[in-house]
Amino acid sequence: MRYALALLAPLLGLGLGLSLSQLAAGATDCKSLGPAEPLTFTPAARARWLAPRVRAPGLLDSLYGTVHRFLSVVQLNPFPSGGAVRGGLRGVRRGRGPLPAAGARCRAVLLLLPLPPALRGASEDRAQGAGLIGVVCALVTNQRTHEQMGPSVEAVPETLLSLQGLVSDVPQELQAVAQQFSLPQERVLEELDGVGVSIGSVVHTQLRSAAYPFLAAVGSLGQALQVSMQHLQALNATVVELQAGQQDLEPALQEQRDRLLQLLQEARCQGDCAGALSRARTLELGADFSQVPSVDHVLHRLKGVPEANFSSMVQEENSTFNALPTLAAMQTSSVVQELKKAVAQQPEGLRTLAEEFPGSEAASRWAQALQEVEESSRPYLQEVQRYETYRWIVGCVLCSVVLLVVLCNLLGLNLGIWGLSAREDPSHPEAKGEAGAHFLMAGVGLSFLFAAPLILLVFVTFLVGGNVQTLVCQSWESGELFEFADTPGNLPPSMNLSHLLGLRKNISIRQAYRQCKEGAALWTVLQLNDSYDLEEHLDISQYTNKLWQELQSLKVDTQSLELLSSAARRDLEALQSSGLQRVHYPDFLVQIQRPVVKTSTEQLAQELEGLAQAQGSSVLGQRLQEEAHRLRNLHQEKVVPQQSLVAKLNLSVRALESSAPNLQLETSDVLANVTYLKGELPAWATRILRNVSECFLARETGYFSQYVAWVREEVTQRIATCQPLSGALDNSRVILCDMMADPWNAFWFCLAWCTFFLIPSIVFAVKTSKYFRPIRKRLSSTSSEETQLFHIPRVTSLKL
């Protein structure tokens, strides 16, 4: 009765719960029907991620830092205010403003920088060394500028195309979102095709929660009955085999034991013969299976059991439940068509989702404008590359000229000093000193010839690069450009972002840039919740009203459910009276726990083989080896089969010992409960059916709720992720400032550095070259120098 109460309690509780649910206001348990299955929507937001550009660190970084510090000294004024910028832009058109002023500062710096060294008269070796370093750096930065120009120019169309994709993809992504309304539509229409089957399956499932525990118990009991019969039959057969086996094994053990005792007791036996003798004496049966109880009377009472096929019976009862969906489908066929008509229509709000989205019209204009800019920029970019090639050639030529000047000065200086040192030998020619003077004057000529192009090139490159660095790059990196754009009145109304998009709130460009950099969507960046009512476009109430009106009543007949066949009942009654639980199974276990042979025949054989090797008498060793072989054969042929039968018997005995008591109780429970369930299931089916309509409605509504939640998340968090915009701004700054402006500024800085040392180089070359000329030329050059013939030691002292 304890097991019967355990089974009846949940069933009675279910019936009581269903009855109370009808009295409560709308209390419905839809767990049996289950929630709406998860729908898999295709992400409408396209993966747009503009790869960041970063200048790789290199040896020129310290030079770039030096140029930045130099420009910060030259340009001390902060970023101008909005009024100053507007005035400056007007001034540029009139030839005034910050850029021409910066050019004036550039000319002043270039003209004043060479004067202090010239006045101080810097030494030639330092000047030439500094000039050589400067020209090498100028060549390197000139080449670096040329190398960076190509990738930088190629990045412009890529950036424009990325921005165009960001703008043009928004309407397409919104249309893709609206089109995926077909997913819940198709799922609901699919379930409406089988609405009767679905509702019948729900009823079937909830009835199973009451009836199937019983059927499962019946199936388990039938399986347990089958297994118990198999174990009982195996137990009886195994005992018979064990008894026959031990009758055959016992004389063989006796014969083997007698032979071993005779051998091991011989005086000439060497080794541990006493230990082997002791184990040989125990070579006899351990278990006696003639002492176990008989189960013939139980087998006689269970003859022909099981008569019924419990597994087939349970499947047959399941087929009765399978008829419930078919019956429900017949009853709902009249309302399915009306439901399909309501579901097949797309909501008006979804049809206008993309058209009414803020900025949709502006997006098409911007996309067209960006496309036109991208297409029209390519010829200009090609021109930029062409003029960059010209600049690179001019830079290489001028750097080569400066390098040639430095080499002429170094070569002239070395040849001149060599000629001075050779004047002590009267027979030595003075061609070296004269050649040195010529090289020095050649450097002077080149300096005068190319000084103007050098200064002009430095001025032009400084005017462009210096102002880009101080007025654009620094303010861009510090955020002053964003503050300027966010300040009201600085930008014309035609460039106001909120005005262009038709938004109600003004958008901070700096905040929008930061949010875009974090990967935010345009919904968050543009604060579209104040300009666009998304929930109005996601109203699905029209789909639920019709479902609620039509799904009202269903009828299911469960009278044909038998639960237990007559053959199965006879099997259970035979098991109940068989006395299977009264068999004394511990008597079996007593013999099972004993060994088949008291000593291990395999270990004894191994020990005999060891003794055979230790014998001094070959005859005794041979006999011991033969006995070990016989003992091994005895073990394999008679002991091992008995051990296998004992293991099989142990499995059957333990299975029956543990299952027999419960089988009797379970049999009583099943026989007692079958009548109760037979009468209660139809009433439960009727009560469950009353709640199916509401559960089905909740399930179908769940599909549309998933779509609404997905659309809300997709539109507000994923569509139009504006990272390409912030990425384009960051890449533009890297391209303009790090990849172009830095090597550009480093080039004119190094070139100015070379120009810086040209003037002291000219002064030194002119003053030094006259000392390197031959003496006769110096005497004939001027009459005033004739009085200086005796000052030759003064000239000679130069080599000291």
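Start by selecting helix 25 and colouring by burial: Leu758, Pro760, Ser761, Ile762, Ala765, Thr768, Ser769 and Phe772 are buried there. The helix covers residues 758–772, which makes 15 residues. From its first C-alpha to its last it reaches 21 Å, close to the 21 Å expected at 1.5 Å a residue. As background for reading that list, residues three or four places apart in an α-helix point the same way, because there are 3.6 residues a turn.

This is a predicted model, and the next step is to colour the chain by pLDDT. The mean for the protein chain is 75, and 79% of the residues reach 70 or more. Confidence is lowest in helix 1 (residues 2–23), with a mean of 35. Helix 21 (residues 585–592) has the highest, at 88. Now select residues 118–122, where the pLDDT is below 50 and the model has two contacts beyond near neighbours in sequence. Residues 778–800 also stay under 50, and for this stretch the model has 18 contacts beyond four places in sequence. Where pLDDT is low, the predicted coordinates should not be read in detail.

Move to Phe289, in the loop between helix 9 (273–281) and helix 10 (296–301). Is this phenylalanine buried or exposed? Phe289 counts as buried because its relative accessible area is 2%, under the 20% cut-off. Show its surroundings: leaving aside neighbours within four places in sequence, Phe289 is in contact with Val239, Leu242, Gln243, Gln246, Gln591, Ile592, Val646 and Leu649. Draw a C-alpha to C-alpha distance from Phe289 to Val239: the two are 6.8 Å apart in space and 50 residues apart in sequence.

Next, select Thr667 in helix 23 (residues 618–718). With a relative accessible area of 0%, Thr667 is buried. Which residues does Thr667 touch, not counting those up to four places away in sequence? They are Leu221, Leu572, Leu575 and Gln576.

Finish on the surface. Select Leu132, Val136, Val140, Leu407 and Leu410, which form a nonpolar patch with about 350 Å² of accessible area together. Helix 6 (124–179) and helix 13 (360–422) are the elements that give two or more residues to this patch. Helix 6 gives the most, with three residues. Leu410 lies in helix 13. At a relative accessible area of 30%, Leu410 is partly exposed, because that class runs between the 20% limit for buried and the 50% limit for exposed.

Technical notes:
Residues numbered from 1 in each chain as written. Predicted model: local features only at pLDDT ≥ 70, side-chain atom pairs only at ≥ 80, totals over all residues. Heavy atoms only, no water. Patch = residues over 30% accessible without salt bridge, like charges linked within 9 Å, V, L, I, M, F, W, Y side chains within 5 Å. Areas by Shrake-Rupley, 256 points an atom, 1.4 Å probe, with all protein chains shown as cover. Salt bridge = Lys/Arg side-chain N within 4 Å of Asp/Glu carboxyl O. Helix = DSSP H or I, 4+ residues; strand = E, 2+ residues; numbered from the N terminus. Buried < 20%, exposed > 50% of the residue type's maximum accessible area, 1.4 Å probe, protein only. Contact = heavy atoms within 4.5 Å. pLDDT = per-residue confidence, 0-100. Expected span 1.5 Å × (residues − 1).
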